[in-house]
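Here is a friendly walk through one protein chain. Keep the picture beside you as you read, and look up each residue as it comes along.

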Amino acid sequence: MANGYFRRLGWSSPRFSLKSMRPNGRPHCCRRPPCNSQCDPAGGERSGKPISRLLAGPLHNDLLCGIPGSPQDHYGVPYSITEDFTAVYRLHSLIPDTFSFRQLGDDEELLSCTLAELFAGGTTRVHRKVPFEDVLYSLGTSFCGAPVLHNYPTDLRKLPKNIDQGVYTDLAATDILRDRERGVPRYCAFRRMLRMSVPKSFGELTDNEQWRRELETIYGDVERVDLLTGTLAETRPPGFAISDTAFRIFIAMAPRRIKSDRFLSDDYTPEVYTPAGIDWVEGNGMREVLLRHAPSLGPVLADVRNSFFPWPKSVS
Ligand code: HEM
């Protein structure tokens, strides 16, 4: 299910890089004192050592070296996951309504079920019927739902809260309610605060004719559109799976989460991790973790760029 997710979100888009940004939007240069004028974003220092081994040294550039091992930086505020990050992360539409569990060898379906059938002990029942490798293969070759209007998983709109008493939660309504009670700005106000352009009409918000009419009926005024609704309706830049509005927050928060964590910045060193620990972290990616537990996935993962890219389906 998670397969293809990050790729479809546009993380690999050449328009953006995960370099750390100063509040003024300019990329950091070397921040570990003394800042050395040799820190050249175009060339950088070269060494035969693995890049991360250089990070504890005086020269560092996030763009060249990646963030782990760079100096810790809270950007002047105590570490926190901001409310705007939580708000744009309400990506419940990614969850599919149904799941298909298929055999690794020939892609033949062994079991299909709804999301509700996976609630509570449902996943244990799947694992009793479907071998572990096949579960991994099935999830790796499935796609998530598109984060657009009218794609909310049916079963999340009727989430069992107290089954005995017939009490359910409509998570779609809860998503909107929480943002409102937490004072998250509405869509237009949110974009204004990001210094982004603001739609003056429903037509400028989305090029989907039906959604325009529906939004106009419900909200009346484009300024009243909730943030989540707006991000699901917004016309995207070409190649984007999520809205540009949400993407701006993701791109700011992705490096900040890492740079605020001392174990991924100042203390990402052999002294703290032990040399064996650093080698273990650097020599293994998600693909290696999967293969360690499910070696039979080898042929499926052989040609994927990394395990977060789409996996090929087996041919029967
Ligand atoms: C079967 C899958 C999922 C279920 C059953 C589920 C359920 C829930 C529930 C019950 C809440 C709390 C609602 C409340 O405030 O009362 C919640 C919040 C949230 N969920 Fe999900 N969720 C699922 C998947 C996801 C996914 C895939 C994402 C994002 C990729 C996500 C992102 C969030 C976020 C950002 C919040 C708000 C957290 C906060 O208030 O701090 N959820 N979810």
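## Getting started

Helices (H or I, at least four residues) and strands (E, at least two) are DSSP runs, numbered from the N terminus. Counted that way, the chain has 16 helices and four strands. Residues are numbered from 1 along each chain, following the sequence as written. This is a predicted model, in which local features need pLDDT of at least 70 and side-chain atom pairs count only at pLDDT 80 or more, while totals for chains, interfaces and linings use all residues.

What is pLDDT? It is the predictor's confidence in each residue, from 0 to 100. Its mean over the chain is 81, and 78% of the residues reach 70 or more. Over residues 1–59, however, the pLDDT is below 50, and this stretch has 94 contacts in the model beyond near neighbours in sequence. Two residues are in contact if their C-beta atoms, placed from the backbone, lie within 7 Å.

## The chain as a whole

A residue is buried if 20 or more other C-beta atoms lie within 10 Å of its own, exposed if 12 or fewer, and partly exposed in between, with C-beta atoms placed from the backbone. Of the 316 residues of the chain, 22% count as buried. Among contacts between residues at least 6 apart in sequence, 61% join residues at least 24 apart.

Gly-183 is found in the loop between α7 and α8. Is Gly-183 buried or exposed? It is exposed, because 7 other C-beta atoms lie within 10 Å.

## The nonpolar cores

In soluble globular proteins, nonpolar side chains tend to be buried together. A nonpolar core here is a set of buried Ala, Val, Leu, Ile, Met, Phe, Trp, Tyr and Cys residues joined through C-beta atoms within 7 Å. Which members touch the most others in the largest core? Among its 21 residues, they are Val-225, Leu-227 and Ala-233. At least two residues each come from α4 (83–88), α8 (187–193), α9 (202–205), α10 (209–219), α11 (227–233) and α12 (244–259). The largest share, four residues, is from α11.

Apart from this core lies another, of nine residues, including Phe-99, Leu-136, Tyr-137 and Trp-311. Back at Val-225, the contacts that leave aside neighbours within four places in sequence are with Arg-186, Tyr-187, Cys-188, Leu-205, Leu-215, Tyr-219 and Gly-230.

Two strands pair if DSSP finds at least two bridges between them. Strands β1 (residues 98–102) and β2 (residues 109–114) run antiparallel and are joined by five bridges. Arg-102 stands opposite Glu-109 in β2. Thr-98, which is in β1, touches Ser-112, Cys-113 and Thr-114, not counting residues up to four places away in sequence. Thr-98 is partly exposed, because 14 other C-beta atoms lie within 10 Å.

The other antiparallel pair is β3 (residues 159–162) with β4 (residues 167–169), joined by three bridges. Here Asn-162 stands opposite Val-167 in β4. This hairpin has four residues between the strands, and Gly-166 takes a positive phi near 65°.

## Positive phi values

Most residues other than glycine have a negative phi, and most peptide bonds are trans. Asp-107 is not a glycine, yet it has a positive phi of about 65°. This residue sits in the loop between β1 and β2.

Arg-195 is exposed, with 8 other C-beta atoms within 10 Å.

## Around the ligand

A residue is near a molecule or strand if its C-beta atom, placed from the backbone, lies within 6 Å of it. Which residues surround the ligand? They are Thr-86, Tyr-89, Arg-90, Leu-91, His-92, Leu-94, Ile-95, Leu-156, Leu-171, Thr-174 and Arg-178. Helix α7 (residues 171–181) supplies the largest share of this shell, three residues.
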